[in-house]
Amino acid sequence: MSINGPVTRRQAMRAGALGVTGLYVAACGSSGTTQSTASKTSSAASSSKAPVTLNWETWNDHYLPAQIAAVKQATGIAARPSLESDDSDGYLKVKQTGGQYDIVSTDALWAPKYFHDGLTEPFDIASIPVSSQLYSVAKEVPFWKAGGGYLVYPNGWSSVNIYYNPKYVSPAPTSWEVLTEAKYAGKVVAENQPTDLMAMAGLATGAKEPYGMTTAEISRAQDFLKSAKPAFLKLVSQNSDSVRALADGSAWMALENLGTDFRVKAAGGPVVKEATPKEGVVGWIDGEQMVKASSHKDRFHQFLNGMEQAPWVAKNFLVNGRPLFNEKAYKMLVNQGYKERADLLWYNQPEKALQLTLKGPSGNVQAYIDAFNQVFGA
Amino acid sequence: MALAPEAAVGSPHAVTPRRAPLARRLAPYAGFSPAVLLFGGFFLAPLVLIVLYSFWEVINYNVVHHWTLDNYHYFFSTPTYVTTLLDTLWVAALTTLLTLLAAFPLAYWLARYVRPSVRRPLLVLVIVPFWTSYLLRVTSWTTILGQKGVLNRFLELIGVIHQPLSFLLYDRPAVILVLIYLYFPFAALTLYASLERFDWMQIRAAMDLGAPPRLAITRVLLPQIRPGITVAVIFVFIPVLGEYLTPQLVGGTRGVMIGNLIVNFFQGAEYTRGAAISLLIAAFIVVLLVVFRKQLDVAETYGR
């Protein structure tokens with residue numbers, strides 16, 4: 001990992017040791033969780049240590065290299081992560097390659113699209129023992145229920161807010177309109193996600209459904225982005241690039257996930273603060289899906305049972321910020337003295353996730369991309 | 001193959017010679033098979049697909065086989081794309097010119113003044129950047145040109161500036177600078193190969209006959225190394241036209257090239273529009289190569 005959170009070596013080793021213990025327990029199948037009928041195959045699989053490598057289309061904050069190594073050691077399941085730049089990128093790769101991927105991470109309303117297009121398969125979440133560590137709200141997301149099962153193993157959530165450097169940005173932003181102020185020209189970074197940036201512009205201009213805007217709303221959002229374009233220094237491919245830009249002072253504002261302030265500080269950067277625009281924010285809840293054409297579906301449960309153990313999730317929170325859905329990990333963080341930080345990032349309020357304008361596929365993606373390109377072209 | 005005697009003398013009853021088995025007739029071409037496989041399978045076939053895609057449309061993330069010219073019409077009717085393409089051409093042309101201007105003196109010096117025993121290590125130095133990855137070479141420029149980069153710190157240290165210069169990075173000049181750096185070895189090596197074979201006595205002869213040095217170079221040297229210059233132009237100009245990563249990493253929102261917009265199309269499943277614009281660029285490159293082809297013929301230089 002390029003970004004190291006303020007975790008001491010001792011804490012990291014403790015987390016690692018707890019993780020290995022958790023994995024050992026999981027691999028031995030000694031969890032006390034009641035298993036449903038559907039979990040029988042996974043239960044059988046969980047005792048298997050036959051080596052296999054799972055191709056995982058995901059984001060870089062969904063795993064730690066040490067975590068993958070520990071899971072491999074405990075279960076024989078290696079993972080080969082490849083990074084997706086955004087949801088449509090991940091969707092298209094799975095669609096184009098069929099069973100080449102075994103697991104794919106996605107956000108909120110993209111999961112039903114994957115399922116309806118025959119790309120993923122629902123599973124019995126209760127059959128994964130580690131799911132007992134999740135907040136109950138994460139197991140009851142209405143649009144993730146389909147086909148008699150659950151579409152996503154929940155990972156984390158966040159809103160996409162404005163993070164700003166108070167040394168240069170004053171007064172504190174209260175609206176997306178701050179992006180159109182001339183004094184911030186060339187001082188804002190955001191991730192290069194055309195549909196999501198258009199949705200954000202839709203929020204700024206009062207669109208009712210930012211991911212399903214009408215032609216007139218798209219036009220207004222485009223005009224807003226046009227007036228905000230001078231503010232954008234660059235559009236980055238991963239959130240770690242935004243953190244770097246804030247840390248080295250080349251950017252004064254970033255449109256980023258919760259926890260960016262901690263990550264900037266950990267990267268040796270200045271104090272940055274979070275602002276929530278009054279027009280509202282786009283957000284996401286994400287997790288892992290089982291690819292329908294995968295030839296290793298029998299190892300999906302076992303792999304996640306290893307990866308999602310609370311000690312690793314807690315460590316991931318400290319490294320990457322943003323709230324996660326593992327309640328047991330939250331309790332561990334509280335015990336380790338991180339309650340204030342976790343609560344500040346709403347880790348203890350997972351129900352907030354479902355109140356956001358959640359990411360999903362656009363109903364008119366062509367119009368979104370066209371509008372976006374016309375703004376950011378030369 | 002032995003023929004019957006009648007056949008040999010052209011008898012009207014000559015027996016038609018038996019053709020060699022297919023395998024034997026194809027044997028001389030066997031060496032081409034890897035190239036045919038690679039070229040056909042990984043270039044021609046995808047190219048055909050791109051052509052087809054450019055005439056189809058996308059509905060709800062699915063390519064639908066409805067024949068249409070809309071993708072081309074959209075490109076030419078949207079000023080942003082035409083402007084971005086023209087900007088890309090301008091960046092490619094300027095980069096090519098500056099790269100050749102930077103590479104020529106080095107190649108000239110190496111070919112003319114450096115002892116052959118020293119040339120080889122110096123040539124190795126030219127290609128040293130290739131030992132690291134393309135991505136690393138581009139990314140390293142952000143640590144040189146950035147706000148807290150080497151250049152800004154140096155300028156602050158010597159008192160030239162008191163605030164970091166922000167325009168060094170994330171703008172078009174940064175894109176051009178990095179592209180020159182990336183493609184310099186291609187130009188230098190190509191020009192060197194051309195200059196190395198040049199007979200320098202011709203320059204002396206021209207000057208003995210009264211030609212000033214500049215005239216000797218423009219009338220004697222440059223015409224003879226024209227194919228080398230042309231190849232260098234091709235090696236620099238064409239890849240720069242399709243550049244995506246360099247403008248993405250060091251260009252910011254002001255250094256966008258047409259490749260970046262094409263990527264946005266593919267990222268949003270707009271394959272058909274992406275395919276149409278990609279083909280337009282490919283067509284432009286083909287036209288360019290046809291034009292350059294004449295320049296590669298050295299025989300025309302002296303009207304042979």
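**A walk through chains A and B**

Start by selecting helix H9 of chain B, residues 172-196: its 25 residues reach 35 Å from first C-alpha to last, close to the 36 Å expected at 1.5 Å a residue (the expected span is 1.5 Å times one less than the number of residues). Helices here are DSSP runs of H or I with at least four residues, strands are runs of E with at least two, and both are numbered from the N terminus.

A word on what you have open: this is a predicted model, where local features need pLDDT of at least 70 and side-chain atom pairs count only at pLDDT 80 or more, while totals for chains, interfaces and linings use all residues. Residues are numbered from 1 along each chain as its sequence is written, and chains are lettered from A and ligands numbered from 1 in the order in which they are written.

Stay on H9(B) and centre on B:Tyr183, where the helix bends by about 45 degrees (the angle between axes fitted to the seven residues ending there and the seven starting there). B:Pro185 follows within four residues.

Next, show strands E1 (52-58) and E2 (77-83) of chain A, which run parallel and are joined by seven bridges; strands pair if DSSP finds at least two bridges between them. A:Leu54 has A:Ala79 of E2(A) as its bridge partner.

Finally, show both chains: 23 residues of chain B are in contact with 26 of chain A, contact being C-beta atoms, placed from the backbone, within 7 Å. On chain B's side, H5 (79-113) and H14 (258-267) are the elements that give two or more residues. H5(B) gives the largest share, five residues.

Key. Two residues are in contact if their C-beta atoms, placed from the backbone, lie within 7 Å.
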